[in-house]
Amino acid sequence: MSDAARKAAALLALALVLASTAAAAADRGARSDPRTAVVSDYLIALASRDWVGARRAWRPLELVRAGRLGIRYTDLPLKIDGDSGLARSAAAAGLTAVGCDPPAPHPLESLLARPPTTALVRAVGRPADSPTEATHDYLVVATDEGWKLAAPAGLALDDCARRPGAVREGRYVRAVTAPGMEGRVPAVAALDSFVDVTLRRLDVAAERRELIAREKIDYLFAPPDWVELLAGAPTVGVANLQVDAVFTSHPCHLHELAHVLVNFSLEELPLY
């Protein structure tokens, strides 16, 4: 081997050592920060398909919200994380955990009146059926039991519902009005009527209709910037299938409500 070749080989070996050391240091840093640690542990649980361990990473309230209407997705063991490509890949072809980026402020904090202590942590994984890495931004919240994953939808609903006069309940719909919508009122009576007529047309049994009457479908009536943040893209409204709620700037968004009702009538179905 020539001197130039030996020198190139030595430089390559040194670069690999430095990269490995940097990666190990970054991993130690992530593990020492409880905000990234909970996401890292969750990512490992997803990769090993440890659904029980994965559930433990979430606030219990989120899991209750996700299950209260009894809608189940056959291809998604963890419904609350249905908008994450990482979770969907783990349940389908498989996933390799890569790591997490350092925590950052979550944009939801700027909208809430009384935000809890939160952070945004980006998880990185490699789906088995893809040559490239995938990412998902997780919201973590400080709780009495430590840092937990939380659904932005749940935090938004809880924060807005604490405002005086923000909640209007019908038989089937619980409408919550966000700040910035003063002077506008969600059409609760029309929404309720649509739910009742649609459930009957779908031949949903009376006891199942009573389940919705007890639990209510959450309908967050919010400005466009709220809806865009919660939906992940500019839109008038969206049905959030993780918590079976509607987020919209329209006072009577029947199309999005219909998504929840159809899935409720089917009870168990594929996500897509």
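Buried means under 20% relative accessible area, exposed means over 50%, and partly exposed is anything in between (1.4 Å probe, protein chains only). Everything here comes from a predicted model, where local features need pLDDT of at least 70, side-chain atom pairs count only at pLDDT 80 or more, and totals for chains, interfaces and linings use all residues. Residues are numbered from 1 along each chain as its sequence is written, and side-chain values use heavy atoms, with hydrogens and water left out.

**View 1. Arg65 and Glu62 pair up in helix H4.** Their side chains meet in a salt bridge at 4.0 Å, N to O; that term means a side-chain nitrogen of Lys or Arg within 4 Å of a carboxyl oxygen of Asp or Glu. Both sit in helix H4 (residues 60-67), three residues apart, or about one turn of the helix. Helices (H or I, at least four residues) and strands (E, at least two) are DSSP runs, numbered from the N terminus. Glu62 is buried, with a relative accessible area of 0%, and Arg65 is buried too, at 9%.

**View 2. Arg126 holds hands with Glu133.** The closest N and O atoms of this salt bridge are 3.0 Å apart. Arg126 is partly exposed at 36%, and so is Glu133 at 43%.

**View 3. Arg171 meets Glu210.** Here the closest N and O atoms are 2.4 Å apart. The pair links distant parts of the chain, 39 residues apart: Arg171 is in the loop between strands S6 (167-169) and S7 (173-177), while Glu210 is in helix H8 (residues 206-215). Arg171 is partly exposed at 41%, as is Glu210 at 33%.
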